[in-house]
Every structure is written in C-alpha cells, then in structure tokens.
Amino acid sequence: MSYLDRDTYGMYKSNRSGGPGPSVMGADTLIGNDVYNEKEEDLGDIKEIMMDTRTGRVNYAVLSFGGFLGMGEKLFAVPWGALKLDTQHERFILNVDKDRLKDAPGFDKDHWPDMADKNWARSIDTYYGIDTYSGESLPL
C-alpha cells in the first residue's frame, strides 16, 4: 500500500512542491509503505517512524523483513536519510542488496534497542553508510 492510498485528508491531491512528490508528508501515511532496492527487490515495509523528540528530526524508519503473517519477522532501523521516495512507484528505495539486509543489525518486536544510545546509533549509521544527524554519506 502506498502513501497515496492512506491520504485520508487529501493532502497529496495537489502537488505544490514543484517536485515529483510531496516535500512534507504525514507520518501516518508513510507507515506500511513498501521499500525496495534499486534492483527491484522487495525489502519489506515501514512499520514505524522514529523521531528525536528533542530536535524534531526523524532519525529512523523501522522496517520489517521476512517472516510470515507477522511471525518471525525481523525489524531493523534504517537511517531516514538512507531512504528515497520513488514517486513513480509510490514506494521508498533503500540502496542496499537484499543479502546485506539479511545480515543487518536487527531486533524483534519484543526487544527494541535504545535508539537514543549513541553507540547503537553509530553502529547503525556505519552499517548503512549514512550519518543520521547530518544526512552525509559515510564510507562503507
């Protein structure tokens, strides 16, 4: 399901941003969006969006990957800056091979990490090659 399908308020009907898609989006319309890589491989979908309440910045999208009917699925946090909106297909693109994602640091729904922990954040940033706070690329 795409963000356009969840647009219950009609906020995306007129695109005034001048770009191919909205520049500002409602968090509720992003949950459940599909995430693919550039090879057209399905990487999962967005389960949650994690915002730093001190800065107001969105830090991570929590994606689900694998499992069947919610059983055994792996959750993992991806720096928000690593995702790109694909307006043509109404989904997000994460430039990561599916095999690399299988080995990504993840967690299950009953054991969430402390996403405010700077050491944890640094390990996630390093894995995906992007600094969560600046959006700058890091060497992989």
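Is Arg91 buried or exposed? Arg91 is buried, at a relative accessible area of 8%; buried means under 20% relative accessible area, exposed over 50% and partly exposed in between, with a 1.4 Å probe and protein chains only.

The model is predicted: local features need pLDDT of at least 70, side-chain atom pairs count only at pLDDT 80 or more, and totals for chains, interfaces and linings use all residues. Residues are numbered from 1 along each chain as its sequence is written, and side-chain values use heavy atoms, with hydrogens and water left out.

**Arg91 and its surroundings**

Arg91 belongs to strand β6 (residues 91–94). Helices (H or I, at least four residues) and strands (E, at least two) are DSSP runs, numbered from the N terminus. With neighbours within four places in sequence left aside, the contacts of Arg91 are Asn33, Asp34, Tyr36, Glu40, Lys84, Leu85 and Asp86, where contact means heavy atoms within 4.5 Å. One of these residues, Tyr36, also has the charged end of Arg91 over its ring. A charge sits over a ring if NZ of Lys or CZ of Arg is within 6 Å of the ring centre and within 35 degrees of the ring normal. Arg100 lies over the face of Tyr127.

| Charged residue | Ring | Distance to ring centre |
|---|---|---|
| Arg91 | Tyr36 | 4.1 Å |
| Arg100 | Tyr127 | 3.9 Å |

**Strand β3 and its partners**

Strand β3 (residues 58–65) has 7 of its 8 residues buried, so it is largely enclosed by the rest of the structure. Strand β2 (residues 42–51) pairs with β3 in the antiparallel sense over 6 bridges; two strands pair if DSSP finds at least two bridges between them. Tyr60 in β3 stands opposite Met50. The two strands β2 and β3 form a hairpin with 6 residues between them, and Gly56 in the turn has a positive phi of about 80°. Strand β4 (residues 74–79) also pairs with β3, in the antiparallel sense over 6 bridges. Here Ala61 has Val78 in β4 as its bridge partner.

**The aromatic pair between β3 and β4**

The whole structure holds 5 aromatic pairs. One of them, Phe65 with Phe76, is edge-to-face, at 6.3 Å centre to centre and 75° between the planes. Phe65 lies in strand β3 and Phe76 in strand β4, so the pair ties together parts 11 residues apart in sequence. Rings of Phe, Tyr and Trp (its six-membered ring) pair if their centres lie within 6.5 Å; planes under 30 degrees apart count as stacked, over 60 as edge-to-face and the rest as tilted. Phe65 is buried, with a relative accessible area of 13%, and Phe76 is buried at 0%.
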